[in-house]
Amino acid sequence: MNRALIARLILKDWYLSRLPLVLIGTTGMFSIGLLYLRREVTGTIALITALTATILLSILLPLQTVVNERKQHNLAFVMSLPISPLEYTAAKVVGNLSAFLVLWAAITIGVLGTLARTGVFGGLVPFGMVVALEPFVVFCLLLSVAIVVESEMWAMLTMGATNISYSFWFLLLKIPGLPQELKSPVAIWSRPILLMLAGQISVIVASLALTFYFQSRKRNFV
Amino acid sequence: MNDVALTLDGVGKHYKFFDLDDVRLELPHGHIMGFIGPNGAGKSTTIRILMGLVHQDRGEVTVLGHRMPDQQAAAKWDIGFASEDMRLYDAASLDWHMRFIRSIFPSWDQPYAQLLLKRFDLKPEQHIKGLSHGQRTKAALLLVLARRPRLLILDEPTTGLDPVARHEILRELTDVMSDDRRSILFSSHNTQDVEQISDQITFIDRGRIIDSRDKESFMDRWRRIRVELPSGVQLPALSGVIDIKQSGRLAVATTNAFDGVLPRAYEAAGVRVQAVETMTLEEIFVENVQHSREGAHA
């Protein structure tokens, strides 16, 4: 693996995605700032804004760096550089993952940390973690499909399918005992929550691993 | 060092509606090969296989001594690739692209890049989005040429360009060949461009190489012989004549194996030879394709 060249490609993707990254980062920081007002209305707006920012991030990054690159016929330019298909895959996965994780972690830690520090809404933190992890799951699935299938249509279908997953949160609230845990002043990491988190992490790991597996078997790149 | 820039040996690739079949090709160092074929003939597929962008189903591909596609990363350090459907990033400037390529390739020649900016009349601060098709093509070629790669693989680089832009690009490609360690494979369906700068010609049609040799051989071997048939004289079937068009007493015979004997053979058979005409590369190409297709149907 040519790490220096992979690093150049990652920097290239960050540079070309800098505008949405800055806008999403600013929105995330704004939502954390709203939490410090400690009012119910601003707190609700803050949570919705923070979640929206991470959902947008999960969609925009793969679309900008992978789908658009193919749609705008930039892929041949990238693949004309002295890289192998697996190095290209590594650059895309690492570059996207690192950009996503920096902003996602900053927003998630900022929001959940602020909630935990209130001493009142700590019970929201485990459920909030499940909610916050969902854009990460969507991001990994979308990135994987975008890299492997290289089709805008399939990327759109994946976005549509993963959007449905956000509505399952409401079903979670029907799990016996969970609504009470949410009202607790401290975080309660119950079995259903831990199972949900384990499931989400499994999907993340599997989608990234499968990306490399399918890319290693691919025979046509442009 | 191997004296061949690239070789394809028995290369095949199957698609649902197209097959690249048994492609054999060799480009020695220091030569410029025009790779000519109609639309959909397999030029781009062959070039993508050479670049490792598409993996062949069978056959061996070697570029600058590297087996493709397995060693494509090593090979591409010395290959400059540009194609008609390759685009630079709209949101970035030409200067950004130049800095990006310079950061990757130690062989980047900044004074030459500056010279090309002037010759191509490009402004480095301009974003790619604001460039015309011709300017985008020249920008892509600048990025390739300023790296001074040993092998240039260009897929239809002059398609859609105005005559001035085409002339500028062809002039640069000709200049590249002043270094006899460098080679160019240049695909086009514009035979004028190929005729102007190539010293090797390869014709491809329907996924098969139908002819490949040096340009002089093509030009020397192909002739159109205009004859008049006196009454009672039939045009004899002579070896090397691949096409005859007859209208009344006048006929035109096309040969791909002209050696000076043919007109004398016609004269000996009582046929009056009016003219022996050289053919343009385009005429040779069209005849070659038609002959190949008729042979396939026979």
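Tutor: A helix here is a DSSP run of H or I with at least four residues, and a strand is a run of E with at least two. The model is predicted. On that basis, chain B has 10 helices and 14 strands.

Student: What is the extent of chain B along its principal axes?

Tutor: Its C-alpha atoms fill a box of roughly 75 × 40 × 40 Å. Of its 298 residues, 40% count as buried. Take the chain B contacts between residues at least 6 apart in sequence: 71% of them join residues at least 24 apart.

Student: What makes S1 and S4 of chain B a pair?

Tutor: Pairing needs at least two bridges. Strand S1 (residues 4–14) and strand S4 (residues 58–63) of chain B have 5 bridges, in the antiparallel sense. For one residue, B:Leu6, the bridge partner in S4(B) is B:Val63.

Student: Which sheet of chain B holds S1 and S4, and what is its strand order?

Tutor: An open sheet of 4 strands, ordered S2-S1-S4-S5, with antiparallel pairing.

Student: Why are S2 and S5 of chain B said to stand at the edges?

Tutor: Strand S2 (19–28) and strand S5 (66–68) each have a single partner strand, so one side of each lacks a neighbour in the sheet. From one strand to the next, the twist averages 20°.

Student: Which helix of chain B packs on the sheet?

Tutor: Helix H1 (residues 43–51) of chain B, which touches S1, S2, S4 and S5 of chain B. Its direction makes about 120° with that of S1(B).

Student: Is B:Arg58 buried or exposed, and how do you know?

Tutor: B:Arg58 lies in strand S4 of chain B. B:Arg58 has 12, so the residue is exposed.

Student: Which residues does B:Arg58 contact, leaving aside its neighbours within four places in sequence?

Tutor: B:Gly10 and B:Gly12. B:Gly12 is 46 residues from B:Arg58 along the chain, yet their C-alpha atoms are separated by 5.2 Å.

Student: Turn to chain A. How do you know whether the span of helix H10 agrees with its 27 residues?

Tutor: The expected span is 1.5 Å times one less than the number of residues. For H10 (residues 191–217) of chain A, that gives 39 Å. The end C-alpha atoms are 39 Å apart, so the span agrees.

Student: Which residues of H10(A) are buried, and what do they pack against?

Tutor: A:Ile193, A:Met196, A:Thr211 and A:Gln215 are buried. The buried residues of H10(A) pack against helix H5 (85–117) and helix H6 (124–149) of chain A.

Notes
Residues are numbered from 1 along each chain as its sequence is written. Chains are lettered from A and ligands numbered from 1 in the order in which they are written. This is a predicted model: local features need pLDDT of at least 70, side-chain atom pairs count only at pLDDT 80 or more; totals for chains, interfaces and linings use all residues. Axes are lines fitted to C-alpha atoms, for helices over the stretch in contact, and angles run from 0 to 180 degrees between N-to-C directions. Two residues are in contact if their C-beta atoms, placed from the backbone, lie within 7 Å. A residue is buried if 20 or more other C-beta atoms lie within 10 Å of its own, exposed if 12 or fewer, and partly exposed in between; C-beta atoms are placed from the backbone.
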